[in-house]
Amino acid sequence: MRGYNRRFIGAPESVYVVTDTAQVIAALTEAVRQDKRVVVRGGGHCLENFVEDPAVQVVIDLSRLDDVRYDPLMGAFAVGGGATLGRVYTALDLGWGVTLPAGSCPAVGVGGHVPGGGNGVLSRLHGHASDHLYAVEVVVVGADGTARAVVATREPDDPNHDLWWAHTGGGGGNFGIVTRFWFRTPGADVTDPATLLPRRPSRFVLATAAWRWEDLDEQRFATLLDNFAGWCARNSAPDTAAAAVHGEVVAFRKEFGLVTLMGRLDPSEPGSRELLDAYLAEVSAGMPEPVARTLEDEPWLYKMINVPDPAATFGMQSSRLRSKLKAAYLRTGLDGTQLSAAYRHLTDPGYAHPAGAIVLASWGGRINAVAPADTATSQRDSTMLMSVVTAWDEAGEDERHLAWVRSFYRELFAATGGVPVRDERTDGSYINWPDGDLADPEWNTSGVPWSTLYYGDNYPRLREIKSRWDPRNVFRHALSVEGLASAGEDGATGQPVAGPRDTVA
């Protein structure tokens with residue numbers, strides 16, 4: 001029951017709660033010897049059924065492998081594969097005054113978050129969390145079924161360099177079990193731990209402006225989203241001065257009552273408050289006066305580890321929360337047809353559920369400073385990250401809610417087969433927000449495979465790495481990287497590989 005999405009409940013035969021790498025090797029060796037379907041669990045926040053799947057027989061749980069320390073031999077911060085973001089933020093902040101530009105949910109595990117790229121409110125300033133990844137220790141399984149631990153680093157001459165590269169955006173659960181991460185910003189002074197990662201902000205400023213739905217017609221709604229898209233496009237370059245500002249537009253359905261514009265920043269950045277004011281003014285231009293404005297200025301660490309329970313906002317129980325999220329990288333704003341579709345799906349009385357939403361987040365800055373092939377994260381020129389989401393807590397209502405979010409997303413991308421194909425307007429989707437529908441021809445009629453939507457031109461290299469480090473396809477799920485074998489057995493080793501790909505319920 002540790003999974004985040006209660007749509008999926010697993011029933012494994014065994015759960016191994018491990019405390020070190022040797023125990024991971026032992027548990028994995030036994031599972032492979034018995035030919036058991038095995039997965040690894042870190043934070044437990046996967047949105048799909050990659051872990052909570054009835055087909056899974058063995059779960060290796062890393063939750064107790066959560067130490068965070070400075071490793072002088074590596075000249076980097078070592079983080080256990082089961083640590084949560086809240087644990088990492090606290091240890092780095094209190095110990096050395098540094099942080100990672102990772103996600104805003106403290107319960108998310110680094111084991112899934114970082115291999116998928118990992119981003120948060122500081123990413124426009126400092127890039128993805130994986131852009132600061134120096135090394136990984138991974139327990140892999142060879143063609144003979146033997147499990148062993150391998151350390152792979154960022155160093156170009158490291159013979160295991162490709163395994164490091166795969167964990168900078170190739171997604172979790174694909175190549176092995178990461179038992180330890182080491183983090184160090186490229187070019188950092190290895191003689192001083194306090195300089196190895198970005199300095200943590202001392203404060204955290206959150207400014208909001210909110211409008212009542214009843215004051216917004218379709219034109220005003222479109223104006224807000226157009227203004228936001230324009231600001232993002234003008235401030236997405238790697239050297240933009242506005243990288244200090246992380247912006248979002250959050251539009252829950254009309255029943256929620258409000259549409260909210262948010263701006264977050266580190267106030268210690270030079271000129272940041274002026275940049276925040278300019279952002280709010282530009283995005284609000286042409287809109288009616290907001291019904292509410294707020295400004296919070298609180299300690300950084302306090303805000304990062306004290307996140308409100310989103311379920312409580314809607315009177316739902318977290319322990320019963322069910323959800324579906326669909327994402328897209330945007331290179332430009334939504335066009336008129338898309339804006340009309342968004343307005344209609346958010347106001348149509350036929351659904352009448354306040355937890356349905358569209359969220360647009362600013363992108364770019366230092367995220368876009370890295371070449372697409374330098375890491376496995378290929379989306380390096382987007383201006384926004386969009387999500388369409390809904391949540392509920394009654395099992396009997398699954399089909400109603402899934403139908404709404406699926407039809408919304410499909411209509412947004414009706415011109416490209418129901419998905420955000422990689423073209424001049426969109427750039428696929430974010431693997432840390434996995435969506436099994438992208439692999440389903442009922443919902444993806446574009447002819448573009450799910451792997452291209454998530455990985456673009458980096459997917460062939462990921463397949464080669466998969467074949468090298470997981471030739472038996474031990475680590476697999478509904479959207480896992482596929483090896484180079486076409487069927488039946490690995491062409492290089494003759495070893496058997498998995499049968500048909502598992503599907504997402």
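Residues are numbered from 1 along each chain as its sequence is written, and side-chain values use heavy atoms, with hydrogens and water left out. Because the model is predicted, local features need pLDDT of at least 70 and side-chain atom pairs count only at pLDDT 80 or more, while totals for chains, interfaces and linings use all residues.

Helices here are DSSP runs of H or I with at least four residues, strands are E runs of at least two, and both are numbered from the N terminus. Helix 10 (residues 336-347) packs against helix 11 (residues 398-412) at an angle of about 165°, and their axes lie 9 Å apart. Helix 10 is therefore roughly antiparallel to helix 11; angles under 35 degrees count as roughly parallel, over 145 as roughly antiparallel, 65 to 115 as roughly perpendicular and the rest as oblique. Axes are lines fitted to C-alpha atoms, for helices over the stretch in contact, and angles run from 0 to 180 degrees between N-to-C directions. On the helix 10 side, Gln338, Ala341, Ala342, Arg344, His345 and Leu346 meet Trp404, Ser407, Phe408, Glu411 and Leu412 of helix 11, with contact meaning heavy atoms within 4.5 Å. Sorted by class, this contact of helix 10 with helix 11 holds six nonpolar, three polar and two charged residues (Ala, Val, Leu, Ile, Met, Phe, Trp, Tyr, Cys and Pro are nonpolar, Asp, Glu, Lys and Arg charged, and the others, Gly among them, polar).

Helix 6 (residues 218-234) also packs with helix 10, at an angle of about 120° and with axes 10 Å apart, so helix 6 and helix 10 are oblique to each other. Glu218, Phe221, Ala222, Leu225 and Asp226 of helix 6 make the contact with Leu339, Ser340, Ala342, Tyr343 and Leu346 of helix 10.

Turning to the rings, the structure holds 22 aromatic pairs. In one of them, the rings of phenylalanine 256 and phenylalanine 314 have centres 5.6 Å apart and planes at 50°, so the pair is tilted; rings of Phe, Tyr and Trp (its six-membered ring) pair if their centres lie within 6.5 Å, with planes under 30 degrees apart stacked, over 60 edge-to-face and the rest tilted. Phenylalanine 256 sits in the loop between strand 10 (246-252) and strand 11 (258-265) and phenylalanine 314 in the loop between helix 9 (310-313) and strand 13 (322-330), so the pair ties together parts 58 residues apart in sequence. Elsewhere, ring pairs link Tyr329, Trp363, Tyr430 and Trp433 into a cluster.
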